[in-house]
Amino acid sequence: MLTINAIPAFEDNYIWALTIEGGELAAVVDPGDADPVIEYLDKHGLKLGAILITHHHGDHTGGIRELLHHYGELPVYGPAGERIPALTHALKEDDTVTLEDLHASFRVIDAPGHTRGHILYHGEGLLFCGDTLFAGGCGRLFEGTPEQMYNSLSKIEALPDSTLVYCAHEYTEANLGFAEIAEPDNQALHQRIAETRRLRAQGEATVPSLLALEKATNPFLRSHQPELIEAAEGFAGHSLNSPAEVFATVRHWKDSLD
Ligand code: ZN
Ligand code: FE
């Protein structure tokens, strides 16, 4: 069975390690730093078999070269639309990544917004979404338009509720603080905040999260909810005519508070 473990890196990044019981090779998603990956794999008697990359930012790609130096040639999967060090498999929407050692395969979803070429990996009931969707939030729009990000998040929303969402940062507590400002009467959100505080007080990760919970509590997946629309219109000072406009306004609202 496929197992996913977090390798913490930097302040708040998660590098995801994919392994199977009895296997010798692991895959990692977004290794921004090589040292914690090597340390983790050594500790578990594993070698690296593949690298998956969601987007070009250094905190997701900075460890690639050192990992190749350490483990030798291996496949590096990543977005066709971005410059990724040592990329061997340039991916676009609906490509399939098959990791034979792990008996796992993933479908690629194009998700421009945080960066122009950002991709997601979906399969085995899991979603590796880099800096597109966060637990309780979404990535900043560094390169893409709000419209693009809205469309990218809509693709995530269309996945099964049971999908486990593996984002690349532990930003949940701060994200939910904003969510509560945007939707103060959302009961599911209040429960999530309490649970998140409990986990963080114990030093535990709040990622992965269930997509169903994101749909119920993440304001960036809730642009069609009357309460959120009303709050966004209050921030904008005028009426908003589409879910994409609501999304753009809520993103702008959060940016204005950060
Ligand atoms: Zn990023
Ligand atoms: Fe990042």
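Let me start with the loop between β1 (2–9) and β2 (13–20), where F10 is found. In this predicted model, F10 has a positive phi of about 50 degrees, although it is not a glycine. Most residues other than glycine have a negative phi, and most peptide bonds are trans. A second residue of this kind is D94, whose phi is near 75 degrees, again a positive value in a residue other than glycine. D94 sits in the loop between β6 and β7. Is D94 buried, partly exposed or exposed? Its relative accessibility is 49%, so D94 counts as partly exposed.

P208 belongs to the loop between α6 (187–201) and β14.

The protein has 9 helices and 14 strands. Taken along the principal axes, its C-alpha atoms fill a box of roughly 55 × 40 × 30 Å. The radius of gyration is 18 Å, and this agrees with the value near 18 Å that a compact globule of 258 residues would have. Of the 258 residues, 52% are buried. If we take contacts between residues at least 6 apart in sequence, 58% of them join residues at least 24 apart.

Next, the sheets. An open sheet is formed by 6 strands in the order β7-β8-β9-β10-β13-β14, with mixed pairing. Which strands stand at the edges? They are β7 (96–99) and β14 (209–210); each has a single partner strand, so one side of each is left without a neighbour in the sheet. Within this sheet, β10 pairs with strand β13 (residues 164–167) in the parallel sense, over 4 bridges. At that pairing, L127 stands opposite V165 in β13.

Strand β4 (residues 47–52) runs parallel to strand β5 (residues 76–79), and 2 bridges join them. L52 stands opposite Y77 in β5. In turn, β5 pairs with strand β6 (residues 89–91), also in the parallel sense, over 3 bridges. There, G78 has A90 in β6 as its bridge partner.

One residue of strand β9 deserves a separate word, namely H122. Why does H122 count as buried? Its relative accessibility is 17%, and the cut-off for buried is under 20%, so H122 falls on the buried side. Beyond its neighbours within four places in sequence, H122 is in contact with S105, F106, R107, I109, L127, L159, P160 and T163.

I close with the metals. Which residues are the protein donors of the zinc ion (ligand 1)? They are H55 through NE2, H57 through ND1, H114 through NE2 and D131 through OD, lying 2.2 to 2.3 Å from the ion. Along the chain, these donors follow the spacing H-x1-H-x56-H-x16-D. The angles among the 4 donor atoms range from 86 to 171 degrees, and the site of the zinc ion (ligand 1) is irregular. H114 and D131 link distant parts of the chain, 17 residues apart. H114 lies in the loop between β8 (104–110) and β9 (119–123), while D131 lies in the loop between β10 (126–130) and β11 (133–134). Both H114 and D131 are buried.

Notes. Residues are numbered from 1 along each chain as its sequence is written. Chains are lettered from A and ligands numbered from 1 in the order in which they are written. This is a predicted model: local features need pLDDT of at least 70, side-chain atom pairs count only at pLDDT 80 or more; totals for chains, interfaces and linings use all residues. Side-chain values use heavy atoms; hydrogens and water are left out. Donors are N, O and S atoms within 2.8 Å of the metal (3.2 Å for Na, K and Ca); water is not among the atoms, so sites may look incomplete. Four donors count as tetrahedral if all angles lie between 85 and 135 degrees; four count as square planar and six as octahedral if opposite donors are over 155 degrees apart and all others between 65 and 115; anything else is irregular. Buried means under 20% relative accessible area, exposed over 50%, partly exposed in between (1.4 Å probe, protein chains only). Contact means heavy atoms within 4.5 Å. Two strands pair if DSSP finds at least two bridges between them. The radius of gyration is taken over C-alpha atoms; the globule rule is 2.2 Å times the number of residues to the power 0.38.
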